[in-house]
Amino acid sequence: MNQIKAKIDTGARTSALHAIGIEPFEQDGEDWVRFQVQTDEYAPLLWAEAKIHDRRHIKNTSGIPEERIVIRTLLKLTDQSWPISVSLTDRTRMTFPMIVGRTALKHHDVAVHTRRANLTRKLGR
């Protein structure tokens with residue numbers, strides 16, 4: 001399991017992962033995608049493969065819709081984990097290689113503090 005530094009972005013509906021060399025292909029009659037990810041700026045590029053969950057038009061940071069491949073993956077925050085949808089896109093110029101959108105957080109008791117960073121800790125119930 002690789003850790004990727006991510007930003008919680010409640011302004012974004014869909015989560016996005018920095019990916020390059022995105023190559024769709026068919027495997028056993030199903031649509032798959034191969035892509036490269038980098039867990040941090042000093043880590044080597046890693047090849048990954050996933051079944052394509054969807055293709056959607058998603059607005060980029062400039063507000064322009066672009067078609068993106070969406071995969072399903074497991075999001076782990078502290079001691080919680082659940083499956084989420086993630087679009088693959090080139091985020092080279094962005095500070096974080098991943099953003100976690102509001103849909104991924106829905107129904108999972110995640111509190112977002114708008115003026116603080118790096119607060120991943122379990123909250124008392």
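Before anything else, my working meaning of contact: two residues touch if they have heavy atoms within 4.5 Å. I also keep in mind that I am looking at a predicted model.

**Entry: Ala-6**

I began with Ala-6, which sits in strand β1. Setting aside neighbours within four places in sequence, I found Ala-6 in contact with Phe-96, Met-98 and Val-100. I then checked its cover: the relative accessible area of Ala-6 is 33%, so I wrote it down as partly exposed, given that this label runs between the 20% and 50% cut-offs. I also took a C-alpha to C-alpha distance from Ala-6 to Ala-16 and got 9.5 Å, for a separation of ten residues in sequence.

**Entry: the whole chain**

The chain has 125 residues, and 31% of them count as buried. I looked at contacts between residues at least 6 apart in sequence, and 47% of these join residues at least 24 apart. For the surface, I noted that the chain exposes about 9,000 Å², with carbon and sulfur atoms supplying 47% of that.

**Entry: Asn-2**

Back to the start of the chain. Asn-2 belongs to the segment before β1, and β1 itself covers 6-9. Is Asn-2 buried or exposed? Its relative accessibility is 53%, so Asn-2 counts as exposed; the cut-off for that label is over 50%. Even so, I found partners for Asn-2: not counting residues up to four places away in sequence, it touches Thr-39 and Leu-46. I also looked up Gln-38, which is 36 residues from Asn-2 in sequence but 9.6 Å from it in space, C-alpha to C-alpha.

**Entry: Thr-89**

Thr-89 is placed in strand β7, residues 80-89. With 10% relative accessibility, Thr-89 counts as buried, because the cut-off is under 20%. I listed its contacts, again without residues up to four places away in sequence: Ala-16, Leu-17, His-18, Ala-19, Ile-22, Glu-66 and Arg-68.

**Entry: Asp-28**

I went through the backbone angles and stopped at Asp-28, which has a positive phi of about 50° although it is not a glycine. Where is Asp-28 placed? I found it in the loop between β3 (20-27) and β4 (30-37). Its relative accessible area is 75%, so Asp-28 goes down as exposed.

**Entry: rings**

I searched the whole structure for aromatic pairs and came back with zero. I did find a charge over a ring, though: Arg-34 lies over the face of Phe-25, at 4.2 Å from the ring centre.

**Entry: second largest pocket**

Arg-68 was already on my page as a contact of Thr-89.

Which strand gives the most to this lining? It is β5, with four residues. I noted that β1, β5 (46-59) and β6 (65-77) each supply at least two residues of the lining.

Key
Residues are numbered from 1 along each chain as its sequence is written. This is a predicted model: local features need pLDDT of at least 70, side-chain atom pairs count only at pLDDT 80 or more; totals for chains, interfaces and linings use all residues. Side-chain values use heavy atoms; hydrogens and water are left out. Buried means under 20% relative accessible area, exposed over 50%, partly exposed in between (1.4 Å probe, protein chains only). Accessible areas come from the Shrake-Rupley method with a 1.4 Å probe; for residues, only the protein chains shown count as cover. Rings of Phe, Tyr and Trp (its six-membered ring) pair if their centres lie within 6.5 Å; planes under 30 degrees apart count as stacked, over 60 as edge-to-face and the rest as tilted. A charge sits over a ring if NZ of Lys or CZ of Arg is within 6 Å of the ring centre and within 35 degrees of the ring normal.
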